[in-house]
Amino acid sequence: MLETQPSKPGAHLPKWVWWVVVLWMVLLGVLPAVLRPNPHDFGQYYMGGLMADKGREGFASLYPIPLPGAVNNPGYKWASTMKPAYAAAAYASGVGDDSRYIQPPPVAVALMGLSKLPFKIAYPLWAGLMGFCLAGCMIIGVRLLRLCGDIPRWVQFVLVLLWVASPLGYRVLRTGQIGPFVALFVGATLEGVLTGWGSSAALAAVFGGFAKGATAALAPLLILPDLYHRWQWRTVVWLVVFTGLAIGITLLASGTAVWHEYLRQIVPNLDRSDTWAGNQSLHGFLLRTHLATMTTDLRPVRWVLGIGVVAAAFFARRRLGNKPDRRTLTISTLALAYLCISALLIGAPIAWEHYMIYFWPLWGWLMFEAISGPVWKRTVALWSMTLQWAPWCVMIPLAEPVRSHMLAAMCLGCVVGGWRLINRGRGLTRSPSA
């Protein structure tokens, strides 16, 4: 693994810290799932694996039937109808009439193992696994922080404490989200892209991309070289290979009919927003402030955001030159990654508050920006972390625009990321530990 030079106060946290973190996060997932179960979103993932385990017959009933005129996407139980076989399996397993499965078919294949366990046992095990994934996010986040420079040990401790005490992490585990799994693959993709691990970066990107699309948003990073000044063609090749394998294996298990249904019945209906406070996308904010309606077409905004991050990638490539130093390249790559994920979530119809967990691997970069460079930039970075540390928007009554604090956090992070791409190595002449 690529390492930074040891910092004066000590580059590594003691191993016991990580053992405590892993144990804490697993217990934070398992204990509430046992004592106060709330498998709100886990049910759809369990059902995806359960129906996929039944073979092509199960895949034929995997997706719900969208209701005509529904204002929400088919994942809402009031916006779609379960097929009879799906409904029978949902009630028999104890899932009941809850959120519907609307993920791509390969995700259902990946979740087949869940169906081997009773629902009441699978839920706490899933919560524990997601807690383990969050601990993995923290480990990767600290490693990325250390790649940014000589970081004092106390800064790493503070970052870990922010993670383990975050109400966002607890909420994600409590409601059975798949977000920690995706966030771990975001971190693995970033580390793989930086260190030139083409196959591992591609594998993580494919898993995370099919699950929620977050890693797919990182595609502009391929425009930048790795830390050994090599082009990312290996990663591109492996992306094609692993994507083909995922689709091919799924086709063998499901046939083509479920793909046609997903692409024709589900995908066209995903472009629907929600007024609930948990939706921290731009569309959600505009709905709550009565500046837009459910039928407002924000696709031009998404195009602008998409083109913007690609342009930012080419701009960064030009600014970095042929052989940038590793520290500058690392920080610029992570800044671009923050812009990519922010563009995805800001422009999406729905960006639930728990999607902010995708930024956890990048908290290391944000922490670095919060302790280096101009005072105003440090302040903006700190506010960005503060505003996404807890999902206050769904915890306490708030009025707009304060209720959209996580949208503000993304925008502030984009300011820091944009500044970094423009200024490259500015503020890096001295170590943060100096």
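This is a predicted model: local features need pLDDT of at least 70, side-chain atom pairs count only at pLDDT 80 or more; totals for chains, interfaces and linings use all residues.

Me: How many cavities of 30 Å³ or more does a search of the whole structure find?

Reply: The search turns up two of them. The second largest cavity holds about 30 Å³ of space.

Me: Which residues line that second largest cavity?

Reply: Its lining is made of Gly196, Gly198, Asp226, Arg230, Trp231, Gln232, Arg234 and Thr235.

Me: What makes some of that lining count as polar or charged?

Reply: It goes by residue type: Asp, Glu, Lys and Arg count as charged, while Gly goes with the polar ones. Sorted that way, the lining of the second largest cavity has one nonpolar, four polar and three charged residues.

Me: What sets a pocket apart from a cavity?

Reply: A pocket is an open set of points, whereas the probe cannot get out of a cavity. The second largest pocket here has a volume of about 420 Å³. There are 22 residues lining this pocket, and Pro106, Val107, Val109, Ala110 and Phe207 are the closest to its centre.

Me: Which helices supply at least two residues each to the lining of the second largest pocket?

Reply: Helices H5 (105-110), H6 (119-147), H10 (198-211) and H11 (233-254) each do. By class, the pocket lining comes to 20 nonpolar, two polar and no charged residues.

Me: Why does His290 count as exposed?

Reply: Exposed means over 50%. His290 has 72% relative accessibility, so His290 counts as exposed. Look for His290 in the loop between helix H13 (282-288) and helix H14 (299-320).

Me: What is there to say about the phi of His290?

Reply: His290 has a positive phi of about 60° although it is not a glycine. Most residues other than glycine have a negative phi.

Me: Where would I find a cis peptide bond?

Reply: Go to the bond from Glu400 to Pro401, which is cis, with omega near 5°. Most peptide bonds are trans. Pro401 is in the loop between helix H18 (392-395) and H19.

Me: Why are Arg326 and Thr379 called partly exposed?

Reply: Arg326 is at 39%, so Arg326 counts as partly exposed. Thr379 has 36%, so Thr379 is partly exposed too. Arg326 belongs to helix H15, and Thr379 to helix H17 (residues 375-389).

Me: What does H15 do with H19?

Reply: H15 (residues 326-347) and H19 (residues 405-423) pack at an angle of about 145°, with their axes 9 Å apart. Their crossing is left-handed. Residues making the contact include Ala335, Leu336 and Leu339 of H15 and Met410, Gly413 and Gly417 of H19. By class, the contact has 13 nonpolar, five polar and one charged residues.

Me: Last one: how do you know that Pro37 is in contact with residues beyond its sequence neighbours?

Reply: Contact means heavy atoms within 4.5 Å. Leaving aside neighbours within four places in sequence, Pro37 is in contact with Pro32, Tyr123 and Arg174. Pro37 and Arg174 are 137 residues apart along the chain, and their C-alpha atoms are separated by 7.6 Å. Pro37 lies in the loop between helix H1 (15-35) and helix H2 (42-53).

Definitions and conventions: Residues are numbered from 1 along each chain as its sequence is written. Side-chain values use heavy atoms; hydrogens and water are left out. Axes are lines fitted to C-alpha atoms, for helices over the stretch in contact, and angles run from 0 to 180 degrees between N-to-C directions. Helices (H or I, at least four residues) and strands (E, at least two) are DSSP runs, numbered from the N terminus. A crossing is left-handed if the near helix is turned anticlockwise from the far one by less than a right angle, and right-handed if clockwise. On a 1 Å grid over the protein atoms alone, a cavity is a set of points where a 1.4 Å probe fits but cannot get out, and a pocket is an open set with protein on both sides within 12 Å along at least five of seven lines; lining residues have an atom within 4 Å of a point. Grid points are joined across faces, edges and corners, and a volume is the space filled by probe spheres set on the points. Buried means under 20% relative accessible area, exposed over 50%, partly exposed in between (1.4 Å probe, protein chains only).
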